There are 2 protein chains.
Amino acid sequence: MQRAAVLVRRGCCPRAAGTPAVLPSMNPQVRAVEYAVRGPIVLKAGEIELELQRGIKKPFTEVIRANIGDAQAMGQQPITFLRQVMALCTYPNLLDSPSFPEDAKKRARRILQACGGNSLGSYSASQGVNCIREDVAAYITRRDGGVPADPDNIYLTTGASDGISTILKILVSGGGKSRTGVMIPIPQYPLYSAVISELDAIQVNYYLDEENCWALNVNELRRAIQEAKDHCDPKVLCIINPGNPTGQVQSRKCIEDVIHFAWEEKLFLLADEVYQDNVYSPDCRFHSFKKVLYEMGPEYSSNVELASFHSTSKGYMGECGYRGGYMEVINLHPEIKGQLVKLLSVRLCPPVSGQAAMDIVVNPPAPGEESFEQFHREKESVLGNLATKAKLTEDLFNEVPGIHCNPLQGAMYAFPRIFIPTKAVEAAQAHKMAPDMFYCMKLLEETGICVVPGSGFGQREGTYHFRMTILPPVEKLKTVLQKVKDFHIKFLEKYA
Amino acid sequence: MQRAAVLVRRGCCPRAAGTPAVLPSMNPQVRAVEYAVRGPIVLKAGEIELELQRGIKKPFTEVIRANIGDAQAMGQQPITFLRQVMALCTYPNLLDSPSFPEDAKKRARRILQACGGNSLGSYSASQGVNCIREDVAAYITRRDGGVPADPDNIYLTTGASDGISTILKILVSGGGKSRTGVMIPIPQYPLYSAVISELDAIQVNYYLDEENCWALNVNELRRAIQEAKDHCDPKVLCIINPGNPTGQVQSRKCIEDVIHFAWEEKLFLLADEVYQDNVYSPDCRFHSFKKVLYEMGPEYSSNVELASFHSTSKGYMGECGYRGGYMEVINLHPEIKGQLVKLLSVRLCPPVSGQAAMDIVVNPPAPGEESFEQFHREKESVLGNLATKAKLTEDLFNEVPGIHCNPLQGAMYAFPRIFIPTKAVEAAQAHKMAPDMFYCMKLLEETGICVVPGSGFGQREGTYHFRMTILPPVEKLKTVLQKVKDFHIKFLEKYA
């Protein structure tokens with residue numbers, strides 16, 4: 001390059017420092033995205049952690065990240081069998097080691113034989129490793145009492161989030177009044193609103209009934225869709241069951257009603273069922289949308305389009321970092337399935353290690369196998385603890401004046417309603433913050449407890465909530481709840 | 001649910017079988033996506049494999065998938081040290097095992113200490129694990145002879161594809177004539193055209209100079225941008241160096257010219273440098289865009305926006321399945337960096353196992369460390385073999401009448417130009433196929449060799465090519481090349 005030419009040209013093409021080309025014109029849909037679970041409160045938590053490390057004194061010694069469902073970060077131990085199989089797949093020399101059980105070796109060999117070059121380091125088919133999709137289908141069939149599942153309808157994904165955003169990407173189209181409307185619960189998990197923003201689709205809110213344990217009421221779906229039809233084309237209905245952040249477990253009757261509504265309105269059903277193993281209330285049971293769909297008869301099972309999602313991240317395995325997941329699609333037209341595979345192939349494949357983890361989630365040791373007893377003990381311990389903590393959290397929150405908490409029937413969060421006094425609402429407004437963001441920031445600054453304001457999930461106007469995970473170990477969770485209680489009482493006094 | 005109500009309503013809402021709601025109105029941008037590397041030819045290869053399994057006789061006994069850069073699927077063994085560290089991270093009980101070297105244990109401990117709950121099963125920060133980003137920055141600094149890299153500018157990704165599509169998602173905006181134009185080389189790696197379709201951006205082609213070893217000529221960039229300005233707002237310039245599918249390695253002079261052009265035109269530079277370790281020609285060296293940018297002085301290094309991509313999938317490690325990668329951004333405005341982290345946080349984090357693999361790619365054993373010798377031997381063996389195969393492929397192709405192959409200076413593909421006789425072009429048209437697709441289909445059906453037609457990457461009108469990887473082991477590659485030669489000669493005779 002000739003420097004002289006550059007210097008001459010510099011004059012004709014000035015670029016003022018601090019005004020890079022991209023800033024004024026970045027993608028407005030990306031700018032519109034919000035994702036509270038890792039939003040400003042979590043950034044603040046990170047800053048406080050750094051201050052603590054630097055020795056700055058605080059009224060607490062550690063930040064407790066109860067903002068995200070990240071079990072192992074809270075000290076939950078991985079399920080031994082899963083990690084044994086993964087280690088064997090990673091470093092197959094270990095297949096000769098006497099310190100691994102034979103059933104784990106058998107699994108590892110089965111997975112490796114299905115991988116290119118017998119290695120986790122090869123790309124898989126874009127839809128996922130064949131034998132893992134077969135194991136997923138077998139799991140669904142068992143789970144649903146024999147309702148058949150076809151491996152051809154299973155797509156392995158990079159966590160459930162990837163599956164949900166991919167299927168939404170396929171479904172969204174149109175402009176103006178024919179732009180696709182996507183119905184989501186309020187409160188929702190903010191992945192939905194974020195992807196809807198990214199895709200420039202139309203978010204159609206339906207409200208869960210807080211007075212009725214966050215139940216889904218089909219009349220509310222009818223209200224929402226009628227209003228939406230004025231300005232968009234509602235085509236997709238998203239359901240989160242068990243609920244996130246709300247923790248309700250839908251009744252079979254309610255699922256039937258929703259399916260009938262989807263059939264009637266020709267909606268594509270998205271069933272986010274990643275908490276299917278996390279049901280704690282003795283009166284509740286998980287019913288999959290797939291099973292209920294089939295039990296409603298061929299008019300439904302042959303016509304209603306459904307995608308259901310599961311993940312390695314939740315359940316009792318809690319393997320968030322592996323980013324494993326699957327989606328099952330029902331009644332998706334073969335041409336669309338072709339389009340889906342094409343779209344997935346652009347990103348080549350989901351992480352093969354995450355696919356292997358998904359295999360163990362859907363196909364854990366069976367009774368009689370060498371590893372079964374240890375596996376069973378570990379599983380029951382995790383789920384038993386979660387059930388204890390769900391009840392404990394509900395009970396303790398409901399002891400606090402100005403806090404009301406619905407039963408945590410499932411999932412891994414409390415979403416209590418909090419009373420925020422008028423003076424605190426005014427103080428929040430002075431700080432240009434939502435009142436519950438103001439509350440959560442104060443909670444973080446005074447106690448080190450990081451929770452997510454309800455406004456990040458959506459809530460009825462004038463009500464305030466926060467989402468807190470129940471993942472800390474029991475004794476720590478008790479301390480956390482006591483601290484929230486003390487904070488809340490002081491907060492009410494301060495802004496009385 | 002009341003069955004009676006359903007039956008009554010069924011009459012009012014008929015949904016004809018085979019016409020699901022989604023089909024007529026799926027996302028047109030998704031429909032427009034094309035991705036040849038896993039396109040129709042690869043589907044056909046899968047069908048043929050199934051036929052072979054079912055015992056159907058063919059003129060060959062196996063399909064050789066030379067369509068995709070998937071080293072381990074072609075029998076390349078993983079680098080031992082990488083897999084040892086990964087196994088230790090996966091199943092930390094192994095940290096007590098005497099059969100793992102101490103340096104691998106030290107690495108595993110360092111990575112685990114930086115993970116939530118000391119586990120690969122926790123989510124990481126959305127930008128990636130801190131200490132891994134530090135290792136990436138240290139690697140870049142070493143690679144670029146001391147030009148500093150800031151861990152804050154490093155984002156770990158789910159393979160390079162994820163990074164490239166994420167940054168493009170941020171950059172694309174506008175409508176009509178102000179829609180963002182993205183300049184890409186022709187031939188290109190079809191991730192680019194696919195993402196541009198998905199985002200409804202405008203693809204602006206610049207042609208590489210086949211007569212000149214696929215060099216990039218800045219005059220061609222000028223021609224392309226001038227024409228594009230009539231109908232869009234060109235804002236991004238994508239470079240693939242070493243080239244995919246074309247295998248050229250850019251000279252330092254050429255990189256300077258490109259950077260100056262980007263500075264002049266205020267373009268955001270996307271440097272796809274995933275083949276930075278794959279340079280074979282003794283006359284060529286890899287120069288990173290970052291290093292050249294800094295050496296050109298502050299007017300450039302403080303102003304030109306650059307994102308550079310690397311991956312665990314290529315190089316000599318070939319760990320495609322782990323989906324590890326990183327991107328380094330330069331001169332990205334702090335507000336845009338905030339927007340980027342927000343966007344990444346919606347998908348929570350890249351797979352933590354892929355992040356760990358990336359750590360070993362950028363930080364392999366150093367001289368003096370216990371594992372260095374074995375590592376060095378393995379690395380040299382892979383790269384030495386690739387260099388041998390690059391030369392062999394070039395030489396053998398150029399022996400065949402009607403095939404011309406530029407030198408494979410880098411990457412892992414040959415992209416020979418093939419002469420297709422008029423009669424074959426007519427036969428292809430009769431089958432509604434591109435002539436080179438017709439050629440590749442015949443090659444697959446007659447020899448079992450799966451390569452990708454040049455039309456999947458783009459090529460000058462009237463020229464025909466295919467892309468073939470050089471990953472099969474040497475002896476197998478020789479057989480493959482001989483078979484292609486025989487096929488080509490017969491093809492020329494048949495359609496003479």
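Trainee: What makes A:E198 and B:R347 a salt bridge?

Mentor: The rule asks for a side-chain nitrogen of Lys or Arg within 4 Å of a carboxyl oxygen of Asp or Glu. The side chains of A:E198 and B:R347 have an N to O distance of 3.4 Å, so the pair meets the rule. Side chains of opposite charge can pair when their charged atoms come close. Before we go on: this is a predicted model, so local features need pLDDT of at least 70 and side-chain atom pairs count only at pLDDT 80 or more, while totals for chains, interfaces and linings use all residues. Residues are numbered from 1 along each chain as its sequence is written, chains are lettered from A and ligands numbered from 1 in the order in which they are written, and side-chain values use heavy atoms, with hydrogens and water left out.

Trainee: How many residues does the contact take from chain B and from chain A?

Mentor: Contact means heavy atoms within 4.5 Å, and by that rule 106 residues of chain B and 105 residues of chain A take part.

Trainee: What is the area buried between chain B and chain A?

Mentor: Buried area is the accessible area (1.4 Å probe) that two parts lose on being put together, summed over both. For chain B and chain A it is about 9100 Å², and carbon and sulfur atoms give 56% of that.

Trainee: How many residue pairs are in polar contact between chain B and chain A?

Mentor: The count is 34 residue pairs, both residues at pLDDT 80 or more. A pair qualifies if an N or O atom of each lies within 3.5 Å; within protein, one atom must be able to donate a hydrogen and the other to accept it, and residues adjacent in sequence count only if both atoms are side-chain atoms.

Trainee: How do you know that chain A has domains, and which residues belong to each?

Mentor: The bounds come from an automatic or database domain assignment. It gives domain 1 of chain A as 30-75 + 375-494 and domain 2 as 114-362.

Trainee: How much area do domain 1 and domain 2 of chain A bury between them?

Mentor: About 3000 Å², with 57% of it on carbon and sulfur atoms. A:N406, A:Q409 and A:A411 supply 21% of the area that domain 1 buries against domain 2, more than any other three residues.

Trainee: What makes A:R417 and A:E211 a salt bridge?

Mentor: The N to O distance between their side chains is 3.5 Å, so the pair falls inside the cut-off already given. Two salt bridges are found across this domain interface.

Trainee: What is the N to O distance for A:E210 and A:R417?

Mentor: Their side chains meet in a salt bridge at 3.3 Å. The two residues are 207 residues apart, with A:E210 in the loop between β4 (202-207) and α9 (218-228) and A:R417 in strand β11 (residues 417-418) of chain A. Those elements are DSSP runs numbered from the N terminus: helices are H or I of at least four residues, strands are E of at least two.

Trainee: Which residues are joined by a cis peptide bond in chain A, and what is omega?

Mentor: A:I186 and A:P187 are joined that way, with omega about 0°. A:P187 lies in the loop between β3 (180-186) and α8 (191-198). In chain B, a cis peptide bond joins B:N241 and B:P242, with omega about -10°.
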